Structures are given as structure tokens and as C-alpha cells.
Amino acid sequence: MKTVFVRTPCSEKNRIHLQEACGKEYTFLFGQDYDRERDLEEMKRCQIIVGEPDYEDIRNLPQLEWVQMTWAGTDKYTKNGPFPDNVLLTNASGAFGVIISEYIIAGILSLYRRLPYYHERQKEHNWCPLHHEETLFQKNVLILGAGNIGSETAKRLKAFDCQVYGIRRNPVKMPYFDQIATVDCLDEWLGQADVVICCMPNNPDSMNLLTYDRLCRMKDSAIIVNVGRGHIFAENALEEVLIEGKIAGAVLDVQRTEPLNGSHPFWEMDQVILTPHIAGPSFSSTEDTQDRIYEIVAENLQRYAKGEDLRNLTLTNEKK
């Protein structure tokens, strides 16, 4: 019987669910709070860890077979160098589409209806209509990264009668998208889009994908939303086009370097909505997101016990 250490917050409901779904195959240990030294001692006893232990710790756990992350992105590990060949790595992709898509829609509508401006006027007790709002109705929207987050966003955009186009490696037909293509269509589609939404993960294909020249292809009335990773923009490219007025605004939940430097121009830009990487939190947020995470955990534990392929396996770290 293998031992699973659940290092992340886990409600009583989800503990019961894991134990009922998988308890015949596994012994579960549940952490109370994050304490690296204490957790390291627990992890040394385990073959499976649910959560995100430090990269250095993973390399010093001789019994470890598999890390099941509770995040969608795996760059915490992949950016640090080779992951141990004998350890599987899976993520929780698929758990965050609902919560992040709602953030995306909220950000777009906030910019279009100038809600940040009116919030500032409210604090001043200043009744000052702009008469310069926009609507999302029937806009052309380009989604870079047509996975779970992109698909859930496309679904919601259809309520606004938007035309939705998606960029992904495998350009298969997908619900809620009017057209799907590879990155070869990016330059053409950028010029047609009213809204560009970035949901791409951290990988070599997305690094510096949106250069200054590419961003200049966008309409000057267009806005951009980034909930993927900050490195999709070439260095300084986005701030330059915003300062020059080549696009109308941006909703940014992620940055190339986090936290964002206090002197960065984004802080003072009225046309930018800036949030500290909170679009899709794993925990300390909505209960339904946590439930979806542990549904993925339970499913993968069941698959692992049966010797079946794991969901969201990072292929570069596939167990030999």
C-alpha cells in the first residue's frame, strides 16, 4: 500500500472523498499548514505528494514516485532544470476554467464600461459621466491557448454573440470557437481582433510570442487580457504599445517578474487593470474550484492504482 501526503489545504468533505474513492489502495497523511521542515519528514515516508514541494526537496525524497500538483502550470519545476526521471509530474489543468473565465469576462467588461474610472470618481463624490463606453456585443475575440480556460471563456463569450477564434498546437474543431488554427494565423488574426486573451502556459512556444511589432498589428481600439504567463510579451513590448496608444488597454493578472516592481509604469496606467496573480487561486478562494482540484486528484489516484495513464501528465517527465 502506498502512502499519499496531501500537503495542500483539504476540507473534511474532500478528505472523506479521497479516502472513500481511493482508501483501499492508499494511506493518506494530511498536512495542517505549511511547515517545510516538518513536511519534509512526512514526505520522506511517502510515494505520492499532492501539492507543490520545493524543487530541492523533491530531489531528496528517495521513495517519491509521483507529484500531483494543485496548479495548472508546472513551470515551478520545469524552469529549474531536469525533473527527476523516476518521478511522475501531473498538474490540475481543467480545474480552473470556470473561475478564470469569469475573471476574464469581468476584466473586459470593466474596461469597456470604464468601471475603474467611475470607481475613482465615486471616492471623490464626483458625478462625472464620460459618455464613452463600449460593449462586448458581437466583438471579434482571439484566444491564445484554446485549452480548458480558453474553452470556458469562449463558452461565456458566446452569450455576447462574439466571434471567437482560437490558437492552439492541434487545430481541431472545438465547441464555442468559430475557427481554430495554429500560430501561423496569429499575425493575420491579431489585426482583426477587438479583444486578445492570452491563456498559454509557460513553454518555449509562448516565450516572447507577442513582440512589439506583432502588438502593433492590433487595432488601436483593441484590448488584451493575460491570465497565462507574463513571458508571452517580449521585454517592454506591452508597456510601449500602451504608452504609445497603439492599443486601448489591458487586463493583466500575470507578469514576467512577480511581484511587479513598484516603479513599473503599469501601476499608473488608467487603461490597465492590474491584479496580483489571483485569477485562478487553488485555495483560500471558491469551494467549487477546490472540489474540482480534488476530483482530478482522486481520478488520478484511481488511475495510478490500476496502472492506467494519468491525467495531465507532463510528458517530458514520464516515468521510465
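Analyst: On a 1 Å grid over the protein atoms alone, a cavity is a set of points where a 1.4 Å probe fits but cannot get out, and lining residues have an atom within 4 Å of a point. The model here is predicted, so local features need pLDDT of at least 70 and side-chain atom pairs count only at pLDDT 80 or more, while totals for chains, interfaces and linings use all residues. Residues are numbered from 1 along each chain as its sequence is written, and side-chain values use heavy atoms, with hydrogens and water left out.

User: Which residues line the largest cavity?

Analyst: Rolling a probe the size of a water molecule over the atoms shows where empty space is left. The structure holds one cavity of 30 Å³ or more, and the largest cavity, with about 40 Å³ of space, is lined by Asn140, Leu142, Tyr165, Trp189, Gln192 and Ala193.

User: What is the order of the strands in the open sheet?

Analyst: Strands (E, at least two residues) and helices (H or I, at least four) are DSSP runs numbered from the N terminus, and two strands pair if DSSP finds at least two bridges between them. The open sheet of five strands has the order 2-1-3-4-5, with parallel pairing. Strand 2 (26-30) and strand 5 (88-90) stand at the edges with a single partner strand each, so one side of each lacks a neighbour in the sheet. Strand 1 and strand 2 are joined in the parallel sense by five bridges, and Val6 has Phe30 in strand 2 as its bridge partner.

User: Where does Thr8 lie, and is Thr8 buried or exposed?

Analyst: Buried means under 20% relative accessible area and exposed over 50%, with partly exposed in between (1.4 Å probe, protein chains only). Thr8 sits in the loop between strand 1 (2-6) and helix 1 (12-22), and Thr8 counts as buried because its relative accessibility is 2%.

User: Which residues is Thr8 in contact with, leaving aside its neighbours within four places in sequence?

Analyst: Contact means heavy atoms within 4.5 Å. With those neighbours left aside, Thr8 is in contact with Tyr34, Val50, Gly51, Glu52, Thr70, Phe283 and Tyr294. A polar contact is a pair of N or O atoms within 3.5 Å; within protein, one must be able to donate a hydrogen and the other to accept it, and residues adjacent in sequence count only if both atoms are side-chain atoms. The side chains of Thr8 and Tyr294 make such a polar contact, at 2.9 Å.

Terms used
1 Å grid on protein atoms, 1.4 Å probe; cavity = no way out; pocket = protein on both sides within 12 Å on 5 of 7 lines; lining within 4 Å. Points joined across faces, edges and corners; volume = space filled by probe spheres on them.
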